[in-house]
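I opened my notebook to jot down what I looked up in this one. Here are my entries, in the order I made them.

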Amino acid sequence: MAGKVVLLDFWPSLFGMRVRIALAEKGIKYESKEEDLSNKSPLLLEMNPIIKQIPVLIHNGKPVCESLIIVQYIDEVWNDKPPLLPSDPYQRAQARFWADFVDKKVYVASRKIWRPKGKEQEAGKKEFLETLKTMEGELGDKPYFGGETFGYVDLSLIPFYSWFYAYKVLDNINIEAECPKIIAWAKRCMQKEAVAKTFHDPKKVLEFVAQTRKKYVSRNH
Amino acid sequence: MAKNDVKVLGAWPSTFVMRPRIALNIKSVNYEFLEETFGSKSELLLQSNPVHKKIPVLIHGDKPICESMIIVEYIDEVWTSGPSILPSDPYDRAIQRFWAAYVDEKWFAAMRGLRIAQGEERKAFLDQVTEGLALLEEAFGKCSKGKAFFGGDRIGLLDIAFGSLLGWLRVTEKVGKVKLLDEAKTPGLVKWAESFCADAAVKSIMPETEKLIEFSKLLMAQMKGAPPPKN
């Protein structure tokens, strides 16, 4: 079960953060290797030749790719620690459904904000807020998406909170006003050490988002 | 389990709908297949899948489960007396899930592009599809370890994810006059496709190519007649 664990990562990555949180929740010691995504290392290209992306978990030399697949792998291997997914098959299916929603809807909508200011960006912002409102509906009055305890869905969404300050400053998106329950939930998650320690200074994230977005927009628009 | 305790909402031509049906067949679970009318969505569908409003939906008792691969994993976890669909080793499970996600997110998009695109764009999609098949051929070699399926002796998660696309792959080959699965380039996949389609869990529900071609004409007509998509 132990053995050598290496994580190929990139500090602002939402997907890398999911894996870091899972590893911290399970108390797993690992070596972190920071990738320069404009100059990918031979190790990354060898371990993830198909998608060539981080995060990649390398466990005893064998790579596991795709953040949610990695999280499920961690949950299954380190099964002596409290589980990240529920044990009931129906609850598990619901957890997988909502984590998939975060990937296919919340994340995809958040990328539409990466457009020059104008009608398209406004539509993107609206769509992003809609997806967060849907998540809010699913959360309801529960403290966490997982119920009483932090779990798989919480882990899949919480990294987005690290970008909310940037969205406020750069795009004037006031998530606190539009989705207050999501903010309350996020602050609750941040009280967990496993979550808080993966977050960086919001100003550093803001700088990163601003720079990267400028490059992206000039390349694509 | 009583037949009306398990329902699948779907449609016969759909790749995604095939997946839970294959899984239920593997587990020898009787189910009621409720077919949606082409071009409209039933009340039951809208109630059971209010978020995406898409098929397939598995309704077990009164509980709906959505998203084809999530449904397949659910089926595997509930009906444990039948043959396993996922392997037991966590690393093997991760590999099956990775390739299933690749098929859905990358390769499926290229296949769909290939069916619709023209000219230079079509060539680009064809290259992507062919590259993907080369990767899947390699993955097949590693996963199958000389056996008939990605899952080994029996159909597994990745067989279901990828095999469910074979009907439409054949349509693309016939209508597009292009050979995608090729004895020279992808011999493993050619044999695998035959074994998959012949399997008892698949045979009765894999749509005939000719029927799919007819259906695709209906789809094209609907696409052309449909109002332009809102941005």
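Entry one: a helix in chain B. I started with helix α7 of chain B, residues 166-175, and found it mostly covered, with seven of its 10 residues buried. For my notes, helices are DSSP runs of H or I with at least four residues, strands are runs of E with at least two, and both are numbered from the N terminus. Buried means under 20% relative accessible area, exposed means over 50%, and partly exposed lies in between, with a 1.4 Å probe and protein chains only.

Before going on, I noted that this is a predicted model, where local features need pLDDT of at least 70, side-chain atom pairs count only at pLDDT 80 or more, and totals for chains, interfaces and linings use all residues. Residues are numbered from 1 along each chain as its sequence is written, chains are lettered from A and ligands numbered from 1 in the order in which they are written, and side-chain values use heavy atoms, leaving out hydrogens and water.

Which residues of α7(B) are buried? I wrote down Leu166(B), Gly167(B), Trp168(B), Leu169(B), Val171(B), Thr172(B) and Glu173(B). Their cover includes α1 (15-26), α4 (90-116), α6 (157-163), α8 (187-198) and α10 (209-225) of chain B. After α7(B) I came to Lys177(B), which has a positive phi, near 50 degrees.

I counted 11 helices and four strands in chain A. Its radius of gyration is 17 Å, close to the 17 Å from the globule rule for 221 residues, so chain A is as compact as a globular protein of that length. That radius is taken over C-alpha atoms, and the rule is 2.2 Å times the number of residues to the power 0.38. I also saw that 51% of the 221 residues in chain A are buried.

How many residues of chain A are in contact with chain B? I got 25, facing 25 residues of chain B, where contact means heavy atoms within 4.5 Å. Together the two chains bury about 2300 Å², with 70% of it on carbon and sulfur atoms. Buried area is the accessible area (1.4 Å probe) that two parts lose on being put together, summed over both. Ile50(A), Tyr90(A) and Phe97(A) supply 26% of what chain A buries against chain B, more than any other three residues.

I found Ala196(A) in helix α10 of chain A, residues 193-196. Ala196(A) counts as partly exposed because its relative accessibility is 31%. Ala196(A) and Ile21(A) are 175 residues apart in sequence, yet 8.9 Å apart in space, C-alpha to C-alpha.
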